[in-house]
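Reader: Please take one part of this model and go through it closely, from its side-chain surroundings to the way it is put together. Give the cut-off for each term as it comes up.

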Amino acid sequence: MKNELKGTAAETTKKASAPKAAEKTASEKEEALVKAAAKTVEKVAEKTEKAAAKAAARTGKTVAKVAAKTEKAAAKTAEKVAETKEKAAKTVAKRTTTRKTAVKETVYLQYLGKEIDKEELVNQVKELWAGELGRKASELKTLTLYLKPEENAAYYVINDDVTGKLAL
């Protein structure tokens, strides 16, 4: 019986060790698969990182180009705005100059029942200048009138050179 038991125990040990060996090979296979999967994941991650780096480089160049173009366009727009402001300022200056000369003056001197108009006296002096003196109207630069109603006369000075007297 002892022999029988020994034989049975040996067989049981052999039988028990056989599944353990099968279990070891299965777990080794699993470990190998996990290692292979990890390597594959690492390779894919490296490729993805490289592709991302290349894309970032391309995007960086593109962004730099767009930024440069935008800066040039902004500079041109600023120049146009400055030119427009200058033109507007000149136009406003011209308008104000025109408005300042639009004032109409009328001067009358009344003395002893007589009324003397400044415009009539100025026109008489201009006619003297062009007619009797034979000068061009464009040569007339300054005209100064002195009115003396008590003498019934108006005295004139043209271009600080020519003098004369008009009867009122």
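Author: Leaving out neighbours within four places in sequence, Asp-117 is in contact with Val-107 and Tyr-108, where contact means heavy atoms within 4.5 Å. The model is a predicted one, in which local features need pLDDT of at least 70 and side-chain atom pairs count only at pLDDT 80 or more, while totals for chains, interfaces and linings use all residues. Residues are numbered from 1 along each chain as its sequence is written, and side-chain values use heavy atoms, with hydrogens and water left out.

Asp-117 is found in strand S2; helices (H or I, at least four residues) and strands (E, at least two) are DSSP runs numbered from the N terminus. Asp-117 is buried and has no salt bridge; the nearest side chain of opposite charge is that of Lys-118, 7.6 Å away. Buried means under 20% relative accessible area, exposed means over 50%, and partly exposed lies in between, with a 1.4 Å probe and protein chains only. A salt bridge is a side-chain nitrogen of Lys or Arg within 4 Å of a carboxyl oxygen of Asp or Glu. For charge, Lys and Arg count as positive and Asp and Glu as negative, while His and the chain ends are not counted.

Lys-118 does form a salt bridge, with Glu-119, the closest N and O atoms being 3.8 Å apart. Lys-118 counts as partly exposed because its relative accessibility is 28%, and Glu-119 is partly exposed at 36%. A search of the whole structure finds two salt bridges. Another pairing is Glu-151 with Lys-148, where the closest N and O atoms are 3.2 Å apart. Here Glu-151 is partly exposed at 39% relative accessibility, as is Lys-148 with a relative accessible area of 31%.

Phi of Leu-112 is near 50°, a positive value in a residue other than glycine. Leu-112 counts as exposed because its relative accessibility is 73%.

Next comes the nonpolar core. The largest one holds 11 residues: Ile-116, Leu-121, Val-125, Leu-128, Trp-129, Leu-140, Ala-154, Tyr-156, Ile-158, Val-162 and Leu-166. Such a core is a set of buried Ala, Val, Leu, Ile, Met, Phe, Trp, Tyr and Cys residues joined through side-chain atoms within 4.5 Å. Helix H2 (118-130), S4 and S5 are the elements that give two or more residues to this core, and H2 supplies the largest share, four residues. In soluble globular proteins, nonpolar side chains tend to be buried together.

Not counting residues up to four places away in sequence, Ala-154 touches Leu-121, Tyr-146, Leu-147, Gly-164, Lys-165, Leu-166 and Leu-168. Val-162 has its place in strand S5 and counts as buried because its relative accessibility is 17%. Beyond neighbours within four places, Val-162 is in contact with Trp-129, Leu-133, Tyr-156 and Val-157.

Strand S3 (residues 143-148) and S4 run antiparallel and are joined by six bridges; two strands pair if DSSP finds at least two bridges between them. Leu-145 stands opposite Tyr-156 in S4. S3 and S4 form a hairpin with four residues between them, and Asn-152 in the turn has a positive phi of about 55°.

On the S5 side, S4 again pairs in the antiparallel sense, over six bridges, and Ile-158 has Val-162 in S5 as its bridge partner. That hairpin has three residues between the strands. One of the residues in the loop between S4 (153-158) and S5 (162-167) is Asn-159, whose phi near 50° is positive although the residue is not glycine. Asn-159 is partly exposed, with a relative accessible area of 25%. By contrast, five of the six residues of S4 are buried, so S4 is largely enclosed by the rest of the structure.
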